Amino acid sequence: MRLIPKEVETLWTLFTAPVVWIAHFLVCYIGAAIYCAKPELVGLSFSAVRAGIAAATVIALSLIALSAWLAWRQWGFGTDDPPHDDPTSRDRSLFQGFATLLLSGLSFIAVIFTAMPALFLTECIR
Amino acid sequence: MGRYFSLSAASLLLASGHAGARSVLEPVGEEAQQIAVLFWVMLSGGALIWLGVVALLLHAALFKRHGMNERSASRIILWGGVVFPSVTLCALLAYALWLMPGLRPFTQAMGSTALRIEITGRQFWWEVVYHPPQGPPVTSANEIRLPVGERVELTLKSADVIHSFWIPPLGGKMDMIPGRTNRLSLLATKPGAFRGPCAEYCGTSHALMAFSAVAMEPEAFRSWLAGQANPAESAGASGGALFLRHGCGSCHFVAGTDARGLIGPDLSHLGSRITVGAGILPNTEDAIARFIARPELIKPGSRMPAFDMLPPDDIRAIAAWLRGLQ
Amino acid sequence: MSAAIKERSRKEYKAQEERLRAVWANPAGWRYWTSVNNYQIGLWYGSAAFVFMLFAGALALLMRLQLAVPDNDFLSADLFNQAFTLHGTVMMFLFAVPIFEAVAIFLLPPMLGAREMPFPRLGAFGFWSFFLGGIFVCGSIFFNAAPSSGWFMYPPLATDKELSGIGADIWLLGLSFIEVASIAAAIELIVGIMKCRAPGMRINLMPLFAWYLLIVAGMILFAFPPLIAGDLLFEMERMFDWPFFDAARGGNPLLWQHLFWIFGHPEVYIIFLPAVALMAMIVPTFSQRPIVGYSWIVLAAVGTGFLSFGLWVHHMFATGLPQISLAFFSAASEAVAIPTGVQIFVFIATMLAGRVIFSTPMLFGTGGLAIFVIGGLTGVMVALAPFDWQAHDTYFVVAHLHYVLIGGMLFPVVAGLYYYYPLIEAKKLSDRLGRLAFWLMFCGFNIAFFPMHLSGLRGMPRRVFTYPAEIGWDWLNLISTAGAFIFAAGVLVVVFDVLRPKHREPRGEVNPWNAGTLEWISEPEENWGVRSIPIVRSRYPLWDQKDLARKVNEGRYYLPDAEEGQREGLVTSVLDADPIQVLRVGGTSHVTIVSALSLGAAFIALTFHWWIATALAAIICLCAVIYWLWTGTAEIPEKPEKDVGLGLSLPLYASGPDSVGWWAMFITMVGDGTAFASLVFGYFFYWTIHADFTEGIAGPDAVWSLAAAILFAAAWGLMVAARTINRRGATPAMRGLLVLSLLTTVAASAAGFAGPWSPGMDPTSHVYPAIVWILVIWVLAHAAVGTLMQAYCLARSLAGRLTPKHDMDLSNVVLYWHFLLVTAVITFAVIGLFPAAM
């Protein structure tokens, strides 16, 4: 068993970080929406919802950081500069790594944005 | 032209010293005040950003002498496209999120002592019921009065399609959705009369669905509300009899009479309102008479049938009686 | 080389060229309209979309006339309402989305160095569906029957038959039909971009246009199906009184708003990204250098694609949802501005690093950018819930959305028209007229729309057909109207420039702007896309690969010939574009028109509730589609491999994930699965809004549901077994398994039906039985299609068109069954177990 996945040849890795963002977003939105519609269902306070959002955020940020690290590795730890436009598999892979790294950065910011409401809103007011 | 509106009198009244409907940038309510500040902050920031981007664009396209090297150009993408927007937007988002809970506080500060107004949107008018902390509910239509300096809770419903309730200088809007009860709270800071339009498209005469909102000093408001709780006296009693004889009472309610209809707007104190026809006509005998005769000319899609088969004198008498219900 | 050999190779070359030209030629006479070639389809698509745009623009001018002065009675309230509904609908569904499909179908094959899109007949089918649906929707206004409930059709206004009439049905059915066309285009684009690039065009060398279109096609796949699911619920309510949006029977109008905007907001980016994609082609050409920040553009396109799915509730800020919900969407709406900013700065950086030639396309491009930035900034404002409470549904929003769409989409599209026109006619459009048009449009636009910010802040709601004098809106509206006419004059100049006869002008150069990308090799007179399929070694091959154009045109690369008289292209690998297969695509055929027209007829007849005509048209459509599949797909080639030139030999047949057909099925089913997920979302939505969403009504029997789920699983298992056994050569056993699976499917469907049937659930009584029934019907309809597929495979096998080696049909059908299994298991678990679990 290895903790860090080995490098794979696929286009799908490009979407890892944004998929984490969307999962985090849906967990926060749906969780809060269900809590506000049926507070009696879970029987917890709103602070628990905020704590849940915080936990989801920490998990999402860690996953994105992992994805960024993998991307950084695929990018050859930044030894080459863009534009990565040589007609070789190596440059193609570097390009993938760099683009994935950028997307991880954007997703990281977006997850932080998504978590911000839980800092400011303390109840289910409408 | 002039078919739908001829309301100089009403709009003059409505404007109450200001030319035109009051804009969201001339706030007289707490929520509108804070949102206006937010707007000015965003506008000035936005204007600077726009000028900067356009200047850079023009420089790059027309005025620069030498091409920049790729490294520096990439750095412009990083700083201009990512770092600057991320920081600015984060700050702006925090500002807005910080504003949100305070704009519409329901639970704190409100208790049972507050006035609650229940408003139901209908094609194309507004049913208004005041629930004062003490005393029985008071029904009215197409006009909302509220005391200055006191937070009022509004309960918003719809009886048919989606409408949206909005008084621009007081605060943001809230939809009225069938099957839902939405709440809004408003705090007027200055007296005045404003136009409130229906803000969600609701059918043929959506444009002709408005109301007048009047913010009054608390004492004046309370005595006005007390007056509304009792039936009005109108001079033209013959008009009242005609009103009942021609069946108007099967749709309209007039307190203290046998008119007990609940389909159309409550007319108990019609004469005391600023406008008639849901914010679109001045409150004059002539306007009321025109509405009775041919409602569909004034408000297409209105549920009220035309009464132009009645003798003109009857219509005038009814209009005079209604106008007299102060 | 001796003269004789030279002479022979010259003759050989001529003969090759003639064969290739004949294979790709358009039919003559009226049969021209049966063409499926991407140039024709792209051109028709684009022209039709432009005509629809002019029509919708004319409606806007009528509206502006009505609003020029207060208390106007130029248009009646009802006509005005029809006009604005149709204006929005047509601009969105018949111009903005289709125009990009048109440009993509026209440009992508030559840009990728491909001969054709992978499914040309599907493209033609999509066009004819769009055209017919568009005529139907637009034509309704001439019969005073146009939809009048606004382009987002909020129930209950739009579901109430007294309030909305037949217009709402026309909107729903006409547009459902067009949504089908969009999904068809998405399938075609994804497979085309992923699998049909020229050899050597690795994903790091792909033109940015292709990157954008790939993302946009993916977005269509997740954005349109929720609307289709919403349409289904909507039409069930209108036709059969199932109360999905009727509050009195447990329904809720907000579900429509959710489904509509889950579509509607990504839609904005589906419109915007392809326009930026055009900019990403234009800016490098006129900066005469490669784009700076290629990877940043990919970041921005992918990032926008994802973030755009987290914005939908910002259209619902005033509906009274909990503030915390609104806040999440405010946050995502702010975040999406970041990738948008990145794109703008990529263009600026590229211009800074290059030597800019300020031509007409650049004028439109940068002018559009300046407008768009204002729209983007007001977008950042209205994305904040508190400010939106004030601005929502006012003219401020009208101004905002036009700044975004006209600056972000129309101006770049006109820039693209001026840029790419030489590919249509080998002549440039007029520079003088172009500049005149630009200044008219630019000034007119700002005069028309800038004052609207102010009228909105002054309290003017959108969609009002008139307004009173003396409340401060009159002179603002008068200015807007004047600006609108100036803007329209600019558009007319563009139209004139395109339509004016140009046969006196000399033929222009093939690559008049000295662009670097492959599409500039092709000549408008030829239908083959590229004379031979090149090997690509650069992002800008025409700049970096010397002699490329000459060698391509001399047929020195792949597939210079068409010996077998077939339309052929190459399939390459996703990442590195290594050639892996020769793809034979369908040629000219009338079957696309017949199936599109019959499908259209079915939808139209449904609008008027002509049940028999609907059934007849649907049967004709089904027959046409089966004929199309039978004669045009999964054909067993006459030889296993073919020499494609340069010493390379490639297989002519592929099955499973290696084949483009498998990917088309996969992509279709992803879209289908999204629609299904939207229905399941509906189920749980009703659960959240009610204390007891079953309202005490007995739900489907758990035993029947369980039985249905198990039987569907068994049918799926038999299908998988059939595919495996067939590959081992046991054809009779495979046929037996197919029959068994078909029978099991029928039994599974019966059990599924018995679930809600046995307790007598009446779908008109309450929303709970209605949503249960719609889920069951969804599964049953898919099961019916599944049995058709099984029967089709059986027939193919009996006809010798499906063999152990050539099992593409079966393998695609099994893929369908994977999705069907998931759909069925989720459905029966949800309807059978969830109410009991709660």
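## A residue of chain C

Is C:Leu737 buried or exposed, judged by its C-beta neighbours inside 10 Å? In this predicted model, C:Leu737 counts as buried because 22 C-beta neighbours lie inside 10 Å, and a residue with 20 or more other C-beta atoms within 10 Å of its own falls in that class.

C:Leu737 belongs to helix α22 of chain C, which covers residues 731-757. Leaving aside residues up to four places away in sequence, C:Leu737 touches C:Leu718, C:Ala721, C:Ala722 and C:Ile725. C:Glu509, by contrast, is 228 residues from C:Leu737 along the chain, and the C-alpha atoms of these two residues are separated by 61 Å.

## Domains of chain C

Chain C is divided into domain 1, residues 36-499, and domain 2, residues 678-837, and the C-alpha centres of the two domains of chain C lie 37 Å apart. To the contact between them, domain 1 of chain C brings 15 residues and domain 2 of chain C brings 16 residues.

On the side of domain 1 of chain C that touches domain 2 of chain C, the elements that give two or more residues are α6 (208-240) and α7 (253-287) of chain C, and α6(C) gives the most, with five residues. By class, this side of domain 1 of chain C has ten nonpolar, three polar and two charged residues.

## Contact between chains A and C

Where chain A touches chain C, the contact takes 40 residues from chain A and 39 residues from chain C. The elements of chain A that give two or more residues to its side of this contact are α1 (16-37) and α4 (89-115), with the largest share, 13 residues, coming from α4(A). The residues on this side of chain A divide into 31 nonpolar, three polar and six charged.

## Sheet and annotated domain of chain B

Chain B holds an open sheet of five strands in the order β3-β2-β1-β5-β8, with mixed pairing. Its edge strands are β3 (138-141) and β8 (182-186) of chain B, each of which pairs on one side only, and the twist averages 25° from one strand to the next. Within this sheet, strands β1 (residues 116-122) and β5 (residues 152-158) of chain B run parallel and are joined by six bridges; B:Ile117 has B:Leu154 in β5(B) as its bridge partner.

For residues 234-326 of chain B, an unreviewed UniProt entry lists "domain: Cytochrome c". In the model, the chain over residues 234-326 of chain B is 38% helix and 4% strand, and the end C-alpha atoms of this stretch are 7 Å apart.

Definitions and conventions. Residues are numbered from 1 along each chain as its sequence is written. Chains are lettered from A and ligands numbered from 1 in the order in which they are written. This is a predicted model: local features need pLDDT of at least 70, side-chain atom pairs count only at pLDDT 80 or more; totals for chains, interfaces and linings use all residues. A residue is buried if 20 or more other C-beta atoms lie within 10 Å of its own, exposed if 12 or fewer, and partly exposed in between; C-beta atoms are placed from the backbone. Two residues are in contact if their C-beta atoms, placed from the backbone, lie within 7 Å. Two strands pair if DSSP finds at least two bridges between them. Axes are lines fitted to C-alpha atoms, for helices over the stretch in contact, and angles run from 0 to 180 degrees between N-to-C directions. UniProt positions are given in the numbering used here, feature names are shortened, and annotations may be inferred rather than shown by experiment. Ala, Val, Leu, Ile, Met, Phe, Trp, Tyr, Cys and Pro count as nonpolar, Asp, Glu, Lys and Arg as charged, and the others, Gly among them, as polar. Domain bounds come from an automatic or database domain assignment.
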